[in-house]
Amino acid sequence: MAHPLSAEIKALLDRANFAHLATPMPDGSPQSVPVWVGREGDRILVCTGEGSLKASNTRRDPRV
């Protein structure tokens, strides 16, 4: 279930930001990388390439 972003979070995401995204590897170990983040309305966007490890990990297991 999606939750609306607060004005504070929107203001933070509207600036240039790095975040750390951790995704589970197939063996369950975490893979953590810095990523650029932004927003589109109340959705948080993570900038990554379609063929990246974090993208394939997220497609396989959406827990982050």
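Strands β1 and β2 (residues 30-40) pair in the antiparallel sense over 8 bridges. Pairing here requires at least two bridges found by DSSP between two strands. The model is predicted: local features need pLDDT of at least 70, side-chain atom pairs count only at pLDDT 80 or more, and totals for chains, interfaces and linings use all residues. Residues are numbered from 1 along each chain as its sequence is written, and side-chain values use heavy atoms, leaving out hydrogens and water.

**Chain layout**

- The chain holds 2 helices and 3 strands.
- Helices (H or I, at least four residues) and strands (E, at least two) are DSSP runs, numbered from the N terminus.
- Read from the N terminus, the order of elements is α-β-β-β-α.
- Along the principal axes, the C-alpha atoms fill a box of roughly 40 × 25 × 20 Å.

**Sheet**

- The 3 strands form an open sheet in the order β1-β2-β3, with antiparallel pairing.
- β1 (17-24) and β3 (43-47) each have a single partner strand and stand at the edges, so one side of each lacks a neighbour in the sheet.
- Neighbouring strands are turned by 50 degrees against each other on average, direction ignored.
- Axes are lines fitted to C-alpha atoms, for helices over the stretch in contact; angles run from 0 to 180 degrees between N-to-C directions.
- In a regular strand, side chains alternate between the two faces of the sheet.

- F18 has W36 in β2 as its bridge partner.
- L21 is bridged to V33 in β2.
- T23 stands opposite Q31 in β2.
- The hairpin of these strands has 5 residues between them, and G28 takes a positive phi near 95 degrees.

**β2 against β3**

- β2 and β3 pair in the antiparallel sense over 5 bridges.
- R39 finds its bridge partner, I44, in β3.
- These two strands form a hairpin with 2 residues between them. In its turn, G41 has a positive phi of about 65 degrees.

- Helix α2 (residues 53-60) lies across β1, β2 and β3. The helix runs at about 50 degrees to β1.
- Contact means heavy atoms within 4.5 Å.
- Q31 sits in strand β2.
- Q31 is buried, with a relative accessible area of 16%.
- Buried means under 20% relative accessible area, exposed over 50%, and partly exposed in between (1.4 Å probe, protein chains only).
- Leaving aside residues up to four places away in sequence, Q31 touches L21, A22, T23, M25, L53, K54 and N57.

**Whole-chain totals**

- Buried residues make up 25% of the 64 residues in the chain.
- Among contacts between residues at least 6 apart in sequence, 42% join residues at least 24 apart.
- The chain exposes about 4,800 Å², and carbon and sulfur atoms supply 60% of that area.
- Accessible areas come from the Shrake-Rupley method with a 1.4 Å probe; for residues, only the protein chains shown count as cover.
- There are 8 positive and 7 negative side chains, and the centres of the two sets lie 1 Å apart.
- Lys and Arg count as positive and Asp and Glu as negative; His and the chain ends are not counted.
- Each charge is placed at NZ of Lys, CZ of Arg, CG of Asp or CD of Glu.
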